[in-house]
Amino acid sequence: MQKLWLKDFEHHISAATANTADDLLQAGSVKALREVEKHFWVATVEAPDGTFEIEAMITPHKIKAFTCECWTEGRRLMCPHIAAALLKLRQFLEQKTEENKVKAEKRAKTELNRITISNVLDSATPEALAEFVQEYSRRDRDFALALKTWFAATVSGTENPFALILDSVIPKTVSDKKAKEPDLRRVRQTLDDLIRQLDGAAEEHNFSTAFQIALTIVQKIAPLWPNWKIKNGRRCYSSVNTFFPVWQNCRNCPCRPNSRRRPGRRYSTWHVRKVIPVK
Ligand SMILES: [Zn+2]
């Protein structure tokens, strides 16, 4: 049997057979094309001269063997029925390849090539997230501190959660000139986080919180100033100076936690003078 390739076999058979095969294909005469075993294809061809079943072995691009019911004894040449079925098979395989390509492209588009934080936040349940936060806070002190600082303002049951946060990071021996770098780093990080909250509170015109954060920083950090280089210190001083009068004057402002108790007095001028140098 002549070695033929599925991609161009029609150029290697008689032109008449190829033309008839093409006509049969166009007329939709090839029916029930199926792969009954791996690489073994069968089809029924309804031709004007009769209905014939053909069989063909294709591995995977080479035509290895074929046979047709129309064959009379001794015939081994490709008939138009086989040629039509092979054309149909080529069409089918080309279509399948194209479909697979489109599917692969679609999959590549939808499949993640990296996991982002928002992917995780979208898919994790609140319970699972809480569990992670618990577990990770136990493992990582810095994470725990950042978490506590971030949510300090939402904690109830204390008058000044910011003071509690700073107390937990400032080493007890503040006079120590040789403060350890990791301790300093934690203080700096916490200050950065608190100042970010201060800015946020001020932007939202929540002057009581802005003032409370600024004052707490000044109170807690002032003793460290002579020995430690704390950036943003000057800013906290000016924040206290800025937000205290604003807060004191906004008597009807909703940012005052309890106007009947006049909480402004808690931060009396004396209190502020104690930590802020008086001109
Ligand atoms: Zn035939």
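This section describes the secondary structure, the sheet and selected helices of a protein chain in a predicted model.

Residues are numbered from 1 along each chain as its sequence is written. Because the model is predicted, local features require a pLDDT of at least 70 and side-chain atom pairs count only at pLDDT 80 or more, whereas totals for chains, interfaces and linings use all residues.

The secondary structure of the protein chain comprises ten helices and five strands, where helices (H or I, at least four residues) and strands (E, at least two) are DSSP runs numbered from the N terminus. Of its 279 residues, 23% count as buried. A residue is termed buried if 20 or more other C-beta atoms lie within 10 Å of its own, exposed if 12 or fewer do, and partly exposed in between, with C-beta atoms placed from the backbone. Among the contacts in the protein chain with a separation of 6 or more, 54% involve residues 24 or more positions apart; two residues are in contact if their C-beta atoms, placed from the backbone, lie within 7 Å.

The five strands form an open sheet in the order E1-E5-E4-E3-E2, with antiparallel pairing; two strands pair if DSSP finds at least two bridges between them. Strands E1 and E2 (30–37) are the edge strands, each pairing on one side only. Strand E1 (residues 4–5) is joined to strand E5 (residues 62–68) by two bridges, and Trp5 has Lys62 as its bridge partner in E5. Six bridges connect strand E4 (residues 50–59) with E5 in an antiparallel arrangement, in which Ile58 stands opposite Ile63 of E5. E4 and E5 form a hairpin with two residues between them.

The axes of helix H1 (residues 15–26) and H2 come within 8 Å and cross at roughly 55°. H1 is therefore oblique to H2. Axes are lines fitted to C-alpha atoms, for helices over the stretch in contact, and angles run from 0 to 180 degrees between N-to-C directions; those under 35 degrees count as roughly parallel, those over 145 as roughly antiparallel, those from 65 to 115 as roughly perpendicular and the rest as oblique. The contact is made by Thr17, Ala18, Thr20, Ala21, Asp22, Leu24 and Leu25 of H1 together with Pro80, Ala83, Ala84, Leu87 and Lys88 of H2.

Ile82 also lies in helix H2 (residues 80–110) and counts as buried because it has 26 C-beta neighbours inside 10 Å. Leaving aside neighbours within four places in sequence, Ile82 is in contact with Ile54, Ala56, Phe66 and Cys68. The C-alpha atoms of Ile82 and Ala56 are separated by 7.9 Å, although the two residues are 26 apart along the chain.

Helix H7 (residues 181–203) has 23 residues, which at 1.5 Å a residue should span 33 Å, in agreement with the 33 Å between its end C-alpha atoms; the expected span is 1.5 Å times one less than the number of residues. Its buried residues are Val187, Thr190, Leu191, Leu194, Gln197, Leu198 and Ala201. An α-helix has 3.6 residues a turn, so residues three or four places apart point the same way. H7 is followed by His205, whose phi is positive, near 60°.
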